[in-house]
Amino acid sequence: MDDGAMDSGPLTYAIGDVHGCAALLDALLKRIDDHAGGRAHRLVFLGDYIDRGPDSAAVIRTVSRLNWAEPERVVCLMGNHERMLLDALQTPQAAEHWLYNGGEATLAAFGAREVGDLPRDTLDWLEGLPTLHEDEARWYVHAGFRPGAEIPDPDDHNRLWIREPFLDGDHDFGRHVVHGHSPQRNGRPEIRRFRTNLDTAAVYGGALTAGVFSDTQGPPVKFLQVRAG
């Protein structure tokens, strides 16, 4: 996969799970800008901006400002970790579940003691995030779809949380599915016939990955990656 495989239309760069790795995100966005070379392009973030990593607050500032500045060009999807944070506002049990799954790092990054102390504009932005984006060739979703469901799967829980049976085998959803959520600890994106997984375990020492997509073909034509160190 190289630049020669690309057409002349706008490129789409889809970015996998960031999980508070703000320095990697900044480096990847610089690589994307350099790769685009002034060419019109789109960004699709696949969710899980927060938790576990060192600076969720900086990641949210970066992606939300990009989204607010150019909402037609920059799409930010909700991930299951954003959903857990929002659920944590509702019950102590949900708050405990979120904190156990990396929420403490997010509170620390914002200088907050509990989830209700997080900035209201941040919570409002997270609440408004969609769980699906589409273009003519692809579905973009955080986790995936349930095989056999209506296309695209209308269940937000599946879109945010599913692993099996989505990951098991090859399922044709009518368009190529671009997703994250299931970390590839080897740091390499998973490329299947009908889907591409861009969660390359940045927060576990892997890589932060952007898939580069053309207007005319579903699968990626290239990957851009950055790693810590």
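This is a predicted model: local features need pLDDT of at least 70, side-chain atom pairs count only at pLDDT 80 or more; totals for chains, interfaces and linings use all residues.
**Annotated region**
- UniProt, in an unreviewed entry, lists residues 14-203 as "domain: Calcineurin-like phosphoesterase"; UniProt positions follow the numbering used here, feature names are shortened, and annotations may be inferred rather than shown by experiment.
- Over residues 14-203 the chain is 37% helix and 13% strand, where helices (H or I, at least four residues) and strands (E, at least two) are DSSP runs numbered from the N terminus.
- The end C-alpha atoms of residues 14-203 are 18 Å apart.

- The buried residues of α2 are Ser56, Ala57, Ala58, Val59, Ile60, Val63, Ser64 and Asn67; buried means under 20% relative accessible area, exposed over 50%, and partly exposed in between (1.4 Å probe, protein chains only).
- These α2 residues pack against α1 (22-36), β2 (41-45), β3 (74-76), α4 and α5, with contact meaning heavy atoms within 4.5 Å.
- Helix α3 (residues 80-88) is mostly covered, with 7 of its 9 residues buried.
- Among the buried residues of α3 are His81, Met84, Leu85 and Leu86.
- The cover over the buried residues of α3 includes α4 (92-110), α5 (120-127) and α6 (156-161).

**Sheet**
- An open sheet of 5 strands runs in the order β4-β5-β6-β8-β7, with mixed pairing; two strands pair if DSSP finds at least two bridges between them.
- Its edge strands, β4 (133-134) and β7 (190-191), each pair on one side only.
- Strands β6 (residues 176-179) and β8 (residues 195-197) run parallel and are joined by 3 bridges.
- Within this pair, Val177 stands opposite Arg195 in β8.

**Cysteines**
- The count is 0 disulfides, a disulfide being a pair of cysteine sulfur atoms within 2.5 Å.
- The sulfur of Cys21 is 17 Å from its closest cysteine sulfur, in Cys76, so the distance is too far for a bond.
- Cys21 is buried, with a relative accessible area of 9%.
- Cys76 is buried as well, with a relative accessible area of 3%.

Conventions. Residues are numbered from 1 along each chain as its sequence is written. Side-chain values use heavy atoms; hydrogens and water are left out.
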